[in-house]
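Work through the exercises below with the structure open. Try each task before reading its solution.

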Amino acid sequence: MCLGIPGRVAEIDQEDGLRVGTVDFGGVRKRVCLAYAPEAAVGDYVIVHVGFAISVVDAAEAQRTLAVLRAMGDVLERELGP
Amino acid sequence: MKYIDEYRDPELARLLLAELGRVTTRPWTLMEVCGGQTNTIVRQGIDELLPGGIEMIHGPGCPVCVTPLEVLDRAMAIAATPGTILTSFGDMLRVPGSRTDLLAQRARGADVRIVYSPMDAVTLARDNPDRQVVFLAVGFETTAPANAMAVLHAAALGITNFSVLVSHVLVPPAMTAVLRAPGCRVQGFLAAGHVCAVMGWSEYEPLAEQFRVPIVVTGFEPLDLLEGILMTVRQLEQGRHEVENQYARAVRRDGNTAARAAIRRVFRVTDRAWRGIGTIPDSGLTLTDEFAAFDARRRFDVGRLVVREHPDCVAGDILTGAKTPLDCAAYGTTCTPRTPLGAPMVSAEGTCAAYYTAGRRQEDRHASR
């Protein structure tokens, strides 16, 4: 049950006084409570755990990590190259 | 899907492994705390690809596995009470109690239901005012905000036939217990990313300092785990012991402040028994007095429970990393995911189930070491 899954916020509305949304997980859509993600907007990626968004994925940080890893390839090739 | 596929790129994984091989000069032993990470590591075979004698020990981070037998037996006693609907997550239903499991109890007529979220249990209570709806609320800091909101929401809606059987556990005290255990071999930790998404990482700084152990907040995809391992090994090789954050796309230093506030409002810290490990001081959450009316322990008197573990199960040694499933005679023989003797064989987050699903067999034992 600890496996939080990233999904994209498709809609946001209210239900019984709570902020909720529809989140798209690669085609599967689920209702998710957004009470703990007040900053989440439509189009954002959120990490969802047992029906709650617990974190908004920072797109810039996601790309930065990948860029660091890709850049490491160049460094490695220079280090390990002929 | 975005933010998943990119972190499974085999080419980048190869780069990370090459870099790890370059920086590693001697063997190191690391522990990943979270069962979700154990699942990725074992299923992707990451532990078998690591260079230079780097060993991964699988930690006590499977919430299903560490839920005490007493709590399961209590849940089953409550489920047997007429007029009750007992709810929980699907993987809790197959965990063996002293005599049976919730799924078998359901087959015999008890009203036991799987819910996706604790909020579904609140809805069930609203729709069934003549029944008592109980939610078996287990899990780490990641699940606690959802359970806190279920209680807050039931209180706000004036629902009185809803209660929770709480058995929450906290990660930092478990890490402390692992580090204090005699013969502890763990030299560095991958901290559980989603626990830290809720709680942040300031709690880990005194641990890193006191035990001089690097702790790297790490995500769940293969690249996250490889980078987390690399960051931990770099610290060890350089003689550092700091808290670092690999999972910056999801984890901020202070965590999720709204979720933490809800946890503080609904729960207080208490001593907690961990299945197979024993009681760890200040390692759990229980309802505060303000919300005691939602406590299923108070609402249902089930008498005295006599609990009994299966004598062949070595779950405690598995959960603390003292043994691997391949050290257990029951693994893959009398104990399988279809006929589990203990909790680590039940949940996808359990070490034994992860080994079994990945096809690891007793005969691979020497090859894996």
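**Exercise 1.** Find how many salt bridges the rule gives across the interface of chain B and chain A, and name the residues that meet.

Solution. This is a predicted model. Start with the count: the rule finds one salt bridge across the interface of chain B and chain A. Next, name the partners. They are Asp16(A) and Arg126(B), whose side chains meet at 2.8 Å, N to O. Check the cut-off: a salt bridge needs the nitrogen and the carboxyl oxygen within 4 Å. Now place the chain B side. Its elements that give two or more residues to the side touching chain A include α1 (10-23), α7 (118-127) and α12 (222-238) of chain B.

**Exercise 2.** Describe the contact between the two chains by residues, area and class.

Solution. Count residues: chain B brings 51 residues and chain A brings 38 residues. Take the area: about 4000 Å² is buried between chain B and chain A. Carbon and sulfur atoms give 70% of that area. Finish with class: the side of chain B that touches chain A has 33 nonpolar, eight polar and 10 charged residues.

**Exercise 3.** Decide how helices α9 and α11 of chain B are arranged: roughly parallel or roughly antiparallel?

Solution. Locate the helices: α9(B) covers residues 171-180 and α11(B) covers residues 204-211. Their axes come within 10 Å and cross at roughly 10°. Angles under 35 degrees count as roughly parallel. Therefore α9(B) and α11(B) are roughly parallel to each other. Then list contact residues. From α9(B) they include Val171(B), Met175(B) and Leu179(B); from α11(B), Tyr204(B), Leu207(B) and Phe211(B) are among them. By class, this contact of α9(B) with α11(B) has seven nonpolar, two polar and one charged residues.

Technical notes:
Residues numbered from 1 in each chain as written. Chains lettered and ligands numbered in written order. Predicted model: local features only at pLDDT ≥ 70, side-chain atom pairs only at ≥ 80, totals over all residues. Heavy atoms only, no water. Contact = heavy atoms within 4.5 Å. Buried area = accessible area lost by both parts, 1.4 Å probe. Helix = DSSP H or I, 4+ residues; strand = E, 2+ residues; numbered from the N terminus. Nonpolar A, V, L, I, M, F, W, Y, C, P; charged D, E, K, R; others polar. Axes fitted to C-alpha atoms, helices over the stretch in contact; angles between N-to-C directions. Parallel < 35°, antiparallel > 145°, perpendicular 65-115°, else oblique.
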